[in-house]
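Me: I'd like to go through this model with you, starting with the open spaces and then moving on to the sheets and a few single residues. Could you keep the answers plain?

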Amino acid sequence: MNFLLKPLSVIYDAITYQRNKSYDNNASKTFNFDLPIISVGNLSVGGTGKTPFVEFLIQYYSENKKVGVLSRGYGRKTKGPIRAHESSTAKEIGDEPMQYHSKYDDVEVVVSEQRVMGVPFFENTELIILDDAYQHRAIGRNVNIMLSDSSKPFFQDHVLPYGRLRERREGAERAQIIIFTKVDEESFDQSNREEFISQSKKYSKGNVFFTSIYYGEPYSLHNQKKVNLPDEVILLTSIANPNPLIREVEKYSSISKHHKFRDHYSFTEKTIERIENELPKGSTVVITEKDAVKLKDITTKSELKFIVMPILPKVLFDQEDELFHCINSLLN
């Protein structure tokens with residue numbers, strides 16, 4: 001049946017192509033700001049490891065700069081530009097921005113569906129990271145980073161709805177840095193690396209890097225204490241691609257059940273009550289940090305034990321210094 005999607009893919013491609021041409025020809029205006037800006041995004045829909053990579057940049061740059069994150073705030077119940085504050089919730093600013101806000105006290109987080117309108121809301125920021133902004137070209141940026149899932153690289157994919165690309169592969173030409181994420185270190189060798197670089201160069205002059213997923217020590221949702229995973233757990237996710245998490249958890253525990261919700265699902269107390277009624281009393285539930293920001297306030301009375309699995313990317317082939325040298329050279 002997939003062949004029936006090809007005509008729709010052609011229409012979608014024509015729309016996104018004309019939109020990009022409008023910016024290329026200056027028919028649509030790009031606004032530039034005095035602050036240095038790094039954009040992180042992707043050609044495809046979801047599941048490229050964007051949030052962990054944004055955190056990776058936050059941790060690196062916040063050591064010496066006041067960092068701000070500007071996001072659309074996908075899935076929030078509010079409208080207009082909002083600067084995250086002490087009592088902000090995931091419903092107000094979105095789950096990913098809430099994750100950044102709750103983890104990094106010194107990082108300013110602003111959400112705005114029209115990102116240009118959000119920039120003036122930063123107060124002390126010296127560097128802005130644009131979250132999921134590869135297709136949002138109204139804001140100029142010093143560095144354009146494009147992520148691509150290594151299991152479904154952009155050069156093998158197709159435009160929606162036939163494939164998962166938001167625009168044609170040639171859109172990669174705007175990327176100064178391309179990063180293939182979620183690489184399986186055990187099976188991905190030098191020949192794979194060379195092939196990925198060769199295929200990427202057909203579409204972009206950007207520098208190519210590779211990252212794998214690194215999971216930190218699990219911790220309790222409500223007291224932040226480090227814990228060990230028990231022999232048997234329940235998995236609860238609302239992320240685009242839970243497979244890497246499943247593989248990680250199964251190294252230590254047996255997953256007796258997986259409650260899988262759509263990406264950015266808005267959990268309610270009734271959702272948790274329903275899940276709780278289906279499980280043995282005191283069951284251990286493993287969640288991601290992305291879901292933790294939505295679940296923390298609505299699970300305080302739950303008898304379930306929630307354990308959070310933190311995640312960060314690991315730059316492969318000893319290229320972390322080279323990656324940041326590349327980014328810094330574009331910022332300066």
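Me: How do the residues of the lining of the second largest pocket divide into nonpolar, polar and charged?
Reply: This is a predicted model, and in it the lining of that second largest pocket divides into six nonpolar, six polar and nine charged residues.

Me: What volume does the second largest pocket have, and which residues are closest to its centre?
Reply: The volume of the second largest pocket is about 600 Å³. Of the 21 residues lining that pocket, Lys182, Val183, Asp184, Glu185 and Arg247 are the closest to the centre. The elements giving two or more residues to this lining are E8 and H7.

Me: OK, and the largest pocket, what volume has that?
Reply: The largest pocket has a volume of about 950 Å³, and of the 44 residues that line it, Gly47, Lys50, Glu96, Asp263 and Lys290 are the closest to the centre.

Me: Which helices and strands each supply at least two residues of that lining?
Reply: On the helix side they are H2 (50-61), H4 (95-103), H7 (243-249) and H9 (289-295), and on the strand side E8 (207-215) and E14 (311-315). Sorted by class, the lining of the largest pocket has 13 nonpolar, 17 polar and 14 charged residues.

Me: Which residues line the largest cavity?
Reply: The lining consists of Leu43, Ser44, Met146, Leu147, Ser148, Asp149, Lys152, Phe154, Asp157 and Leu165, and these divide into five nonpolar, two polar and three charged residues.

Me: Leu147 interests me; what is its bridge partner in E7?
Reply: Leu147 has Ile179 as its bridge partner in E7. Strands E6 (residues 143-149) and E7 (residues 177-181) run parallel and are joined by five bridges.

Me: What is the strand order in the open sheet of nine strands?
Reply: The order is E3-E4-E2-E5-E1-E6-E7-E8-E14, with mixed pairing, and the edge strands, each of which pairs on one side only, are E3 (82-83) and E14.

Me: Which strands does H2 touch where it packs on that sheet?
Reply: Helix H2 touches E1 (37-42), E2 (67-71), E5 (127-131), E6, E7 and E14, and the direction of H2 makes about 75° with that of E14. Helix H10 (residues 320-331), for its part, lies across E1, E5, E6, E7, E8 and E14 and runs at about 150° to E7.

Me: Now the five-stranded sheet: which are its edge strands?
Reply: That open sheet has the order E9-E13-E12-E10-E11, again with mixed pairing, and its edge strands are E9 (219-220) and E11 (254-260), each pairing on one side only. Helix H8 (residues 269-278) packs on this sheet, where it touches E10, E11 and E13 (305-309), and the direction of H8 makes about 150° with that of E11.

Me: In what sense do E10 and E11 pair, parallel or antiparallel?
Reply: Strand E10 (residues 232-237) pairs with E11 in the parallel sense, over six bridges, and Thr237 stands opposite Lys260 in E11.

Me: What is Ile275 in contact with, leaving aside neighbours within four places in sequence?
Reply: On that basis Ile275 is in contact with Leu236, His259 and Phe261. The C-alpha atoms of Ile275 and His259 are separated by 8.1 Å, with the two residues 16 apart along the chain.

Me: And Thr288, is that buried or exposed?
Reply: Thr288 is buried, with a relative accessible area of 10%, and its place is in strand E12 (residues 284-288). Apart from neighbours within four places in sequence, Thr288 is in contact with Ile239, Leu245, Val308 and Met309.

Me: Last one, where does Thr16 lie?
Reply: Thr16 lies in helix H1 (residues 6-24) and counts as buried at 14% relative accessibility. Not counting residues up to four places away in sequence, Thr16 touches Arg166 and Glu167.

Terms used:
Residues numbered from 1 in each chain as written. Predicted model: local features only at pLDDT ≥ 70, side-chain atom pairs only at ≥ 80, totals over all residues. Heavy atoms only, no water. Pairing = 2+ DSSP bridges. Helix = DSSP H or I, 4+ residues; strand = E, 2+ residues; numbered from the N terminus. Contact = heavy atoms within 4.5 Å. Axes fitted to C-alpha atoms, helices over the stretch in contact; angles between N-to-C directions. 1 Å grid on protein atoms, 1.4 Å probe; cavity = no way out; pocket = protein on both sides within 12 Å on 5 of 7 lines; lining within 4 Å. Nonpolar A, V, L, I, M, F, W, Y, C, P; charged D, E, K, R; others polar. Points joined across faces, edges and corners; volume = space filled by probe spheres on them. Buried < 20%, exposed > 50% of the residue type's maximum accessible area, 1.4 Å probe, protein only.
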